[in-house]
Amino acid sequence: MKKSPLLIVLLLVMALPAWSQVTFLLESIPSYTPAAGPVYIAGDFNGWNPGNSVQALQKNQNGIWFITLPAKNSGTSMLYKFTRGSWATVEKGVGGEEIVNRVYTFSTPDTIRITIANWADHGGGETTTAAKNVTRISENFLMPQLGRTRRIWLYLPPDYETSGKSYPVLYLHDGQNVFDSYTSFAGEWNVDESLNDLAALGHEVPIVVAIDNGGTHRMNEYSPWTNSNYGGGEGDKYIDFIVNTLKPYVDSAYRTRRDRESTGIMGSSMGGLISMYGAFSHPEVFGKAGIFSPSYWFSSSIWSFTRNATKVHPMKAYQIVGTEEGGSMVPDMLAMEDSLHKYGFSDSEIRSKVVTGAQHNELFWRTEFKEAFLWLFLETSGIEGHVNSIPEMKLYPNPAHDLLCLDITEPFKILAVEIYSLTGSCVLDLRSIKGNQIDISTLPAGKYLLKLTGQNTNRTGTFVKQ
């Protein structure tokens, strides 16, 4: 039977995905909100730009702030918050506390009525959650490469004032979110508390230098390449600031280890992108990169850059993405891992982790910071840093699967066999072994320290379980 043109059109329309719009109404806002605004919506749909004029709210005839977003395919979800133009004025809870990202899923044409309890710059009086060993190098540190100034935070290890030692240095982006809930726009990373906890367990922790993002300049500074929708293009100048202005100042003012093996760079989202770019464009400066939820989607130039990033030094890069971050985040990260392996980086240099259920937020990054740090800074922070005074022994095969063999070249009566994880926890404790073999089949894959205790001496060795 021949179908009529009208029927064909109807069938085509029915096959198309349903689209819907949403309008947000700020029905209740703090009384001190400036009558003339401005007020913005920011979220994962605009790169979390807190003051993009395209996302500025307007007032309706009743004087209520509102915005109608472009239609999206039904089922599309978005994360968002409201600001007054910067993350220093993001919405907060009743007592000035952080609130979780708002979530909306497009379904049918909708109106969402919003209550805002507080703004960050009137959060019930300034407080801080930063530890006592966190200070600020400057509120207005000059960035000559960009013609701007920026607040710079400093974390000193708990024993800095008494040890006389020099320390590794870790540079972090989005400094507002690193140490202090009061200044953060979506929760802090708790880097200070995490490192203080590790120091109390005997780990050596680094000096941390955290650089505030530039608000509306954030997208521009965190990518060397441009994106037609979101900007970019100032990433080279930003990294040049860290390498040639900030790092020389920090190295001159504090007891730092200045070598590349002791210098790391870390960030999330766009901060993950610029961390990857900074480390691989300046491998003579950075030997470690923490790449959390990297925005590889921002520019396809990241792939040609990676192809041309000839390996000249060893590099440790820790990538991590959650399955609920949306878009191509997971496949992009795995593709980057494959690319780096292809261009000469080994399994021991690149670690990529996918976390089931994790979303694109500070809670995720805060939870994963310790593990990433311990892997990146294993030489000083983990088990290896505590056994330098104990003679080593050869372990084989290394990496090993189920059985690990010991090569002891001298008579040695074994009283105890202990295996430790990277964090210093004992995961296997044996009173004796048969011959020179140890069954490690029950251990998860990873790197470990094996310690033998004898009557008159001890021996240690590190191995990888596959």
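The legends below describe close-up views of a predicted model.

View 1. The side chains of arginine 136 and glutamate 139 form a salt bridge, with 2.8 Å between the closest N and O atoms. Arginine 136 is partly exposed, at 33% relative accessibility. Glutamate 139 is partly exposed too, and its relative accessibility is 41%. The charged end of arginine 136 also sits over the ring of tryptophan 153, and the distance to the ring centre is 4.5 Å. Side chains of opposite charge can pair when their charged atoms come close. A search of the whole structure finds 17 salt bridges, and the pair of arginine 136 with glutamate 139 is one of the salt bridges shown in these views.

**View 2. Lysine 165 and glutamate 204 form a salt bridge between distant parts of the chain.** The closest N and O atoms of this pair are 3.3 Å apart. Lysine 165 is in the loop between helix H2 (160–163) and strand E12 (169–172), while glutamate 204 is in the loop between helix H3 (191–200) and strand E13 (207–211). Is glutamate 204 buried or exposed? Glutamate 204 counts as buried because its relative accessibility is 15%, and the limit for buried is under 20%. Lysine 165, with a relative accessible area of 33%, is partly exposed.

**View 3. Arginine 260 and glutamate 261 form a salt bridge.** The closest N and O atoms lie 3.7 Å apart. Arginine 260 is buried, with 8% relative accessible area, whereas glutamate 261 is partly exposed, with 46%.

**View 4. The largest cavity has a lining of 13 residues.** Rolling a probe the size of a water molecule over the atoms shows where empty space is left. The structure contains 3 cavities of 30 Å³ or more, and the largest cavity has a volume of about 120 Å³. Which residues of the lining lie nearest the centre of the largest cavity? They are Trp48, Phe185, His360, Glu362 and Trp365. By class, the lining of the largest cavity comprises 4 nonpolar, 6 polar and 3 charged residues.

**View 5. The second largest pocket has a lining of 26 residues.** Its volume is about 630 Å³. Nearest the centre of the second largest pocket lie Asp44, Phe45, Glu325, Gly326 and Gly327. Strand E5 (77–83) and helix H4 (218–221) each supply at least two residues of the lining. Strand E5 gives the most, with 3 residues. The lining of the second largest pocket divides into 11 nonpolar, 10 polar and 5 charged residues.

**View 6. Tyrosine 104 and phenylalanine 106 form an edge-to-face pair.** A pair of aromatic rings is described by the distance of the centres and the angle of the planes. The structure holds 26 aromatic pairs. In the pair of tyrosine 104 and phenylalanine 106, the ring centres are 5.2 Å apart and the planes are at 80 degrees. Tyrosine 104 is buried, with a relative accessible area of 7%. Phenylalanine 106 is also buried, at 2%.

**View 7. Tryptophan 153 and phenylalanine 179 form a tilted pair.** The centres of their rings are 6.1 Å apart, with 50 degrees between the planes. Tryptophan 153 lies in strand E11 (residues 148–155) and phenylalanine 179 in the loop between E12 and H3, so the pair ties together parts 26 residues apart in sequence. Both tryptophan 153 and phenylalanine 179 are buried.

**View 8. Ring pairs link several aromatic residues into a cluster.** The members are Trp189, Phe292, Trp365, Phe369, Phe373 and Phe377. Trp365 is also among the residues nearest the centre of the largest cavity.

**View 9. The charged end of lysine 316 sits over the ring of tryptophan 375.** The distance from this charged end to the ring centre is 4.5 Å.

**View 10. Leucine 395 lies in strand E20 (residues 394–396).** Leucine 395 is buried, with a relative accessible area of 7%. Leucine 395 and asparagine 436 are 41 residues apart in sequence, and their C-alpha atoms are 9.9 Å apart in space.

Notes: Residues are numbered from 1 along each chain as its sequence is written. This is a predicted model: local features need pLDDT of at least 70, side-chain atom pairs count only at pLDDT 80 or more; totals for chains, interfaces and linings use all residues. Side-chain values use heavy atoms; hydrogens and water are left out. A salt bridge is a side-chain nitrogen of Lys or Arg within 4 Å of a carboxyl oxygen of Asp or Glu. Buried means under 20% relative accessible area, exposed over 50%, partly exposed in between (1.4 Å probe, protein chains only). Helices (H or I, at least four residues) and strands (E, at least two) are DSSP runs, numbered from the N terminus. On a 1 Å grid over the protein atoms alone, a cavity is a set of points where a 1.4 Å probe fits but cannot get out, and a pocket is an open set with protein on both sides within 12 Å along at least five of seven lines; lining residues have an atom within 4 Å of a point. Grid points are joined across faces, edges and corners, and a volume is the space filled by probe spheres set on the points. Ala, Val, Leu, Ile, Met, Phe, Trp, Tyr, Cys and Pro count as nonpolar, Asp, Glu, Lys and Arg as charged, and the others, Gly among them, as polar. Rings of Phe, Tyr and Trp (its six-membered ring) pair if their centres lie within 6.5 Å; planes under 30 degrees apart count as stacked, over 60 as edge-to-face and the rest as tilted. A charge sits over a ring if NZ of Lys or CZ of Arg is within 6 Å of the ring centre and within 35 degrees of the ring normal.
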